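Reader: Please take one part of this model and go through it closely. I would like to know what surrounds that part and which contacts lie around it.

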Amino acid sequence: VISNIVMRDVGTPMAILRGNRDRCSVGAPGPLQSIRISNMIASGGKLPSVIAGLPNQPVTGITIDGMSVSMGASAAGPRALDTIPEHPTDYPQPTMFGPLPAYGLFLRHVTGIRLRDVQLQPSPDEQRAAIVADDVAALRLLDYEDRCGNSPTRLWLKNVRDAIVEVMGTMPLPQHCYRIEGQNTANLVFLSKGPALDRNRVLDLDATVPPGTIHF
C-alpha cells in the first residue's frame, strides 16, 4: 500500500514490473499482485508510468485511486505495439522497453486493474495517447477525465477484455480518438458522465476486432 506521494521533476512517476531473470534456475517467477496506490501527484514527468507483466504471467490486482501526473516534455513513440520488446530476463526498469506509445500510462499483461480519478496532463505538443493497454483483462477505468491536448488518439486498447471505461467531461471528444484493435478484444464497455458518446465518431475500430464486442 502506497499513499500520499508528491513528486517533482521525476523520471518515471510509477513502474510496476514483473520479470523472469531466474539466474538460479528456480523455475517460474513468483506473483506480483495486490498493490494499492492512492493520492499520488507528480509534476515534470519525463517518461510514462509502466505496469507490465509477462505473457501468460500477468501482474494482478492493481488499484490506483487518485493519480495526477503532468508531463514535462513530449516524445515520439512506436506506431505498432508488436514492435515493443518484452525483455523478461533484463533488470526491471521503466526504460527497458524503449520508446512507448503512451505519454501517461502504459499497461501490458495485466489482469484486474482498477484506475479511479486518474488525471494525466500532457505537454502542449504531445501526439501520443494518454493510456495504452495491451493484453489487459478486467480493466476498470473510472472517472477518467480526458486532457490529451492535441493528440489524435486518446486511448489505445489492444486485446482488452471484460473492461469498463467511464469517461467524464463537458467537451465532445474528437473524431476517432479511441483506437481499438486485436482479435482477443472482448466485452469492452464505454460509459459517459458527460455528453453521450457517439460510437461512430469516437471509435477507431480495427478490422481485427470481433463484431459485437464493443458496447455503449
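Author: Strand 8 (residues 155–168) is largely enclosed by the rest of the structure, because 10 of its 14 residues are buried. Buried means under 20% relative accessible area, exposed means over 50%, and partly exposed lies in between (1.4 Å probe, protein chains only). Strands are DSSP runs of E with at least two residues, numbered from the N terminus. This is a predicted model, in which local features need pLDDT of at least 70, side-chain atom pairs count only at pLDDT 80 or more, and totals for chains, interfaces and linings use all residues. Residues are numbered from 1 along each chain as its sequence is written, and side-chain values use heavy atoms, with hydrogens and water left out.

Strand 8 pairs in the parallel sense with strand 7 (residues 129–145) over 10 bridges; two strands pair if DSSP finds at least two bridges between them. In that pairing, L141 has V165 of strand 8 as its bridge partner. Strand 8 also pairs in the parallel sense with strand 10 (residues 186–192), over six bridges, and here V165 stands opposite F190. With strand 9 (residues 178–181) there are four bridges, again parallel, and L155 has Y178 as its bridge partner.

The structure holds two aromatic pairs; rings of Phe, Tyr and Trp (its six-membered ring) pair if their centres lie within 6.5 Å, and planes under 30 degrees apart count as stacked, over 60 as edge-to-face and the rest as tilted. Y178 and F190 are stacked, 5.5 Å centre to centre with 15 degrees between the planes. Y178 is buried, with a relative accessible area of 0%, and F190 is buried at 2%.
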